[in-house]
Amino acid sequence: MTKISVVQDYKNPQPGETSTLTLDEKIRREVLRNGIHRPKGYTVSYHANPEVEKMHFGSKHPMKPWRLTLTNKIVMAYGMHNAMDVYMSRAATSQEMVEYHKQDYIDFLQSVVPTHRLEQDPVTGAWPYNMGDDCPVFDGLFSYCSLYTGASLDAARKVTNNQSDIAINWSGGLHHAKKAEASGFCYINDIVLAILQLLLYHPRVLYIDLDVHHGDGVEQAFWSTDRVMTLSLHKYDKMNYFPGTGGSDDTGPKTNANPGAHHSLNVPLQDGIDDASYIQLFKDVVGPCIKIYNPTAVVIQCGGDSLGGDRLGCFNLNIRAHGACVEYTKKFNLPLIVLGGGGYTPRNVARLWAYETSVCIGTEVHSSLPAHTPFLEHFAPDRTLFPELSQTGRYDNKNSEKYLRDIVMSVREQLRYVQGSPSVQLQHVPPDIGAVREEVERELQEAKEGKDVGRKKKERGAGTRGEYAH
């Protein structure tokens, strides 16, 4: 009878013998195939937390956080993570959120649960803090808010600490949220909070919004300051398209005595704009904005609902055209925060943000999605990174060449009122930027008293701190 040993010799598994190593090998081959490597001369950071992907607005709600799962799987399948510093983002605290939002609103978000019965206003019919069908109460709501906000704050801090030149957070970009209410699927305005972080070190920030919907929440937050210029390209129909704001004449406060006058720029578009028109329009407005306003940092919101065929969109853009705007912005070599936003056809949003990740790291990836990409069936039948979207649910292009020329002229006319490097003559800091205001006031007092002669030299590179010491 053959004796069988209970204890057998351990053999090191050779490459390819285990599923883990097999996947690692496939990703390594994809890295080599696409020439993916860490960018030379700049650093890209990627901020994500898988917990935010698990949140669920409801089966019939168009916002699907699992689009982030698809995005991250494509990024990992190509091996793009090898070219970036990848961070597991932390949750923002309520103290951080009240840097912009009202305390009672934050308290409400922390305490509300789906079983709470919300009472409508008997006169207006409004729900508390604008909660309702668009902004439902769901399990884990505050956790969701704190996670996507924390990722944007981490991205901003990496940029201000010179640890990143480009910081990416696809879970952020929720641009409709207001100071004391939710709006348009957005609860906490992570963009505003990230910009407030930047303003601690940067004298001027340019915010660019590519979402098909107007970036009204961010515009409203910085309406009365010249330290932030907001530029939104969006579908505009005051009566029939959310949020009904962002006309070409909405340029900030109407009185020139207010520092924010002419610093809210809008590019209102009609249905069906195509790739070539959009790219040219973007360059024609963004280039002059950067040249004249001279920002020291840029935040770009890359809402994917401006793609063709989006569930809530009405443009005819393809993925490469959308990405071309990120590529153009990147060429100015300014500290850059790249955020997500809208986008309601998850498979296309994931393709877009994965492609724009490749743009950020400076790699042109192959169009065929890697065969080992998880959930590859979601991208059938073509399984490509660049499906033809301009013909999907196509809208007639109602943006004539003359109409687009007039928009460009309108934006440039507003820029005539913007003095270059406006922060050197700041007279007004919006009240929400309390930390900056207190710091500036303290330093003005010190300068007045003739103290600390060598201060400016010591604080080189801290944008706000040297502004008044001329």
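Tutor: A cavity is a set of grid points where a 1.4 Å probe fits but cannot get out, and its volume is the space filled by probe spheres set on those points. In this predicted model, the largest cavity has a volume of about 60 Å³.

Student: How many cavities of 30 Å³ or more does the structure hold?

Tutor: The structure holds 3 of them.

Student: Which residues of β1 lie on each side?

Tutor: V44, Y46 and A48 are on one side, with S45 and H47 on the other. These residues are all buried, and both faces of β1 are therefore covered. In a regular strand, side chains alternate between the two faces of the sheet.

Student: Why are β1 and β2 said to pair?

Tutor: Pairing requires at least two bridges. Between β1 and β2 (residues 85-88) there are 4 bridges, in the parallel sense, so the two strands pair. Within this pairing, A48 stands opposite M88 of β2. The chain crosses from β1 to β2 through α2 (residues 67-78), forming a right-handed β-α-β crossover.

Student: How do you know that β1 also pairs with β3?

Tutor: The same test of at least two bridges applies. β1 and β3 (residues 166-169) share 3 bridges in the parallel sense, and they therefore count as paired. Here Y46 stands opposite I168 of β3.

Student: Why is Q95 called exposed?

Tutor: The relative accessible area of Q95 is 55%, and exposed means over 50%; Q95 is therefore exposed. Q95 belongs to helix α3 (residues 94-97). Its C-alpha atom is separated by 9.2 Å from that of I106, 11 residues apart along the chain.

Student: Why is Y403 called partly exposed?

Tutor: Y403 has a relative accessible area of 25%. That value lies between the limits of 20% and 50%, so Y403 is partly exposed. Y403 is found in helix α11 (residues 401-415) and touches P268, L269 and Q270, not counting residues up to four places away in sequence. L269 is 134 residues apart from Y403 along the chain, yet their C-alpha atoms are separated by 8.9 Å.

Student: What makes the backbone of N294 worth noting?

Tutor: The phi angle of N294 is near 60°, a positive value in a residue other than glycine. N294 is found in the loop between α8 (275-293) and β7 (297-301). With a relative accessible area of 35%, N294 lies between the limits and is therefore partly exposed.

Student: What is the phi value of R383, and where does R383 lie?

Tutor: Phi of R383 is near 55°, also positive in a residue other than glycine. R383 has its place in the loop between α10 and α11. Its relative accessibility of 40% makes R383 partly exposed.

Student: Which residue does a cis peptide bond join to P381, and what is omega there?

Tutor: The cis bond joins A380 and P381, with omega about 5°. P381 lies in the loop between α10 (346-361) and α11. A cis peptide bond also joins F242 and P243, where omega is about -5°; P243 is in the loop between β5 (228-235) and β6 (264-269).

How values were computed: Residues are numbered from 1 along each chain as its sequence is written. This is a predicted model: local features need pLDDT of at least 70, side-chain atom pairs count only at pLDDT 80 or more; totals for chains, interfaces and linings use all residues. Side-chain values use heavy atoms; hydrogens and water are left out. Buried means under 20% relative accessible area, exposed over 50%, partly exposed in between (1.4 Å probe, protein chains only). Helices (H or I, at least four residues) and strands (E, at least two) are DSSP runs, numbered from the N terminus. A crossover is right-handed if, with the strands pointing away from the viewer, the path from the first strand over the helix to the second runs clockwise. On a 1 Å grid over the protein atoms alone, a cavity is a set of points where a 1.4 Å probe fits but cannot get out, and a pocket is an open set with protein on both sides within 12 Å along at least five of seven lines; lining residues have an atom within 4 Å of a point. Contact means heavy atoms within 4.5 Å.
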